[in-house]
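Biologist: I have a chain to read. Where do we start?

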Amino acid sequence: MKKGIKTNIPFILVAVTLLWIKTYIVYKTSFNITIESIKQEFILFINPLSSILLVLGLALFFKEKGAKRFIIITSIIVSFVLYANAVYYRFFNDFITIPLLFQTGNMSDLGSSITELIKPTDLFMFLDVVILIALMKWTPNFINFTTWRPKVRKMYFLSIVGIFLFNLGLAETERPQLLTRTFDREILVKNLGTYNYHVYDAILQTKTTAQRALADGSELTEIQNYINAKHKEPNDELFGIAEGKNVIVVKLESLQSFVIDNEINGEPVTPFLNELKNESFYFENFYHQTGQGKTSDSEFLLDNSLYPLGRGAVFFTHATNDYHTATPNVIKELGYHPVVFHANNQSFWNRDVMYQSLGYEHFYEINDYEITEENSIGWGLKDIEFFEQSIPYMEELPQPFYAKFITLTNHFPFVLDEEDRFVDEFDSKSRTLNRYFPTARYMDEAIKVFFEELKASGLYEDSIIILYGDHYGISENHNEAMEQYLGKEIGPFEVAQLQRVPMFIHIPGVTDVNPETFDTVGGQIDIKPTIKHLLGIETKFDIQFGQDLFAEDRSEFIVFRDGSFITDELVYTKQVCYDKETEQETDEASCEPFIEQAKKELQYSDKIIYGDLLRFYNGTTIQVDGFEDTVIPD
């Protein structure tokens, strides 16, 4: 190098480059983002740049010492956001939203799950911060720490605008109306980047916060008309067949249908549930429809027949809404005593608040159970102990009652004591899948014990028992191991099919005499109208999006939170339309009418929740501008 010539690299650009490269590496190693072309790869590569330039560029308004500190602190914060998404994605195959960040009350109960997801190699995600601190401390002569002139700063921020618009333009050619039509967070991250996605999420949060204040009953009229048009009359033979009986609902934690009638190492995974199929109404094409709220979403779907939110959990974000149409609120007016049994902290998922809104009269929670080191593991009280300790409480309940049970043992990270194992682990590269089978088998044994205890207590004969899987236990991050277990390749079509969860309706004296397996397509949103019709409760005026699973002319159409859907002939997932019979891609024109219907139902349900619209509805009329508008069903 000639004398007098210096190579000065601005410190801020070093920070930008390191964070940019790191983000792209995390995209490729921690997220399962589908790339189908060089153009999509290029968009993925450039999409973090504008937001990184912007947030670090704020340092240009500080003097040299303050600028250095700002860059270091901001790099740590941005790195943590990226890391949090990576850890969350490992299990949920999804990205964090702002409502989730406010669910800190759950953190104390997530210890074992979070520990399972953290890896020693995660330290490399903060390597750029270490490099920046070293550069700042030893100040090598090839790094420039001086502040920038106003003219240069202006050019810097104009370049950010140009890069963002270029990115957005390319993204719009790949996904038209990206910000208005997309329910899938992966598409937003893929096209706009993790950091821009979080900015967009913040805008949505601000917008939804204002929706309740601006809402009025007129919005409910259009929704009610849509629901009236899709209402189906109940099955005449089954309507009221369980009238006056106790209702027992058991949520089967993380249980997917692929274990039913299946084996592990030559042993059945669910021997009792396999037998129960032959004494029940069983639905083999029943799907979970949960979003980020997972277990709490499955409860919300059960009691309200509304869709969960696309961001966060309704149990947290809208727990104080008016839910007078929820099943517990409705049936307690008919003499039922609604309660919940769950051996966990009452504040977890904000249940202590939400259950009051839903109408439950009592919540038997962790303080109502005798929990010791020997009878608990992972998330708390083992399922067998849970059911055994719950029976005395049930015997004291006024009848008829509506009792919901939430199991725990078959929960990620699927840990189980050796003495509780009825089957051995699977042998694959996925520790999660390997350990899933023993805990699923244990839960099956717990359900067997529960039925035995119900019979011994005298409660069995006068009850209707409903069991359903709440959400997936094995995400698509474990597809390779699942391919090994199932013996077939798993693509997007099969991933959608793996969202099936068990659904049993057991009515002593009825289903054990005439059991039946139904192949109708249904989902958790259909449970509420099904229960009400079995109890002889009319739903003609209900604001709900589900349909009775037994209705003869019901629509076989279920919607997932990301806008995907399944019908009796089609599967639409990852923006691809599949023929169910051939399992191959088909013309998207076949799916287009359902795409719009799915979008409409999700939007209508969101309006109800964000606007707290049920407060304007009294069961037969809608209040608009202080006046009551009579609702006349079609």
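Modeller: Start with a loop. P413 sits in the one between β12 and α19 (431-457). Keep in mind that this is a predicted model.

Biologist: What is the peptide bond from F412 to P413, cis or trans?

Modeller: The general idea comes before the case. Most peptide bonds are trans. The bond from F412 to P413 is cis, with omega near 15 degrees.

Biologist: Which residue does a cis peptide bond join to P400?

Modeller: Q399 is joined to P400 by a cis bond, and omega there is about 0 degrees. P400 also belongs to a loop, the one between α18 (383-396) and β12 (401-406).

Biologist: What about D612: is its phi positive or negative?

Modeller: Positive, about 50 degrees, although D612 is not a glycine. Look for D612 in the loop between α23 (592-610) and β22 (621-624).

Biologist: Now sheets. How do strands pair?

Modeller: Strands of a sheet pair through backbone hydrogen bonds, either parallel or antiparallel. Here, five strands make an open sheet, ordered β17-β18-β19-β20-β21, with antiparallel pairing.

Biologist: Which strands stand at the edges?

Modeller: β17 and β21 (584-585) do. Each has a single partner strand, so one side of each has no neighbour in the sheet.

Biologist: How many bridges join β19 to β20?

Modeller: Four bridges link β19 (residues 570-573) with β20 (residues 576-579), and the two run antiparallel. For a residue pair, take T573: it stands opposite V576 in β20.

Biologist: Let's turn to the surface. Which residues gather in a patch of negative charge?

Modeller: E233, D236, E237, E538, E552 and D553 form that patch on the surface. One of them, D553, lies in the loop between α22 (527-534) and β17 (557-559).

Biologist: Finally, the whole chain. How many helices and strands does the secondary structure come to?

Modeller: The count is 23 helices and 23 strands. The radius of gyration is 27 Å, close to the 26 Å from the globule rule for 634 residues, so the chain is as compact as a globular protein of that length.

Biologist: What box do the C-alpha atoms fill?

Modeller: Along the principal axes, the box is roughly 100 × 65 × 50 Å.

Key:
Residues are numbered from 1 along each chain as its sequence is written. This is a predicted model: local features need pLDDT of at least 70, side-chain atom pairs count only at pLDDT 80 or more; totals for chains, interfaces and linings use all residues. Side-chain values use heavy atoms; hydrogens and water are left out. Patches are made of residues with over 30% relative accessible area and no salt bridge: like charges are joined within 9 Å, nonpolar side chains (Val, Leu, Ile, Met, Phe, Trp, Tyr) within 5 Å. Accessible areas come from the Shrake-Rupley method with a 1.4 Å probe; for residues, only the protein chains shown count as cover. A salt bridge is a side-chain nitrogen of Lys or Arg within 4 Å of a carboxyl oxygen of Asp or Glu. Lys and Arg count as positive and Asp and Glu as negative; His and the chain ends are not counted. The place of a charge is taken as NZ of Lys, CZ of Arg, CG of Asp or CD of Glu. Two strands pair if DSSP finds at least two bridges between them. The radius of gyration is taken over C-alpha atoms; the globule rule is 2.2 Å times the number of residues to the power 0.38.
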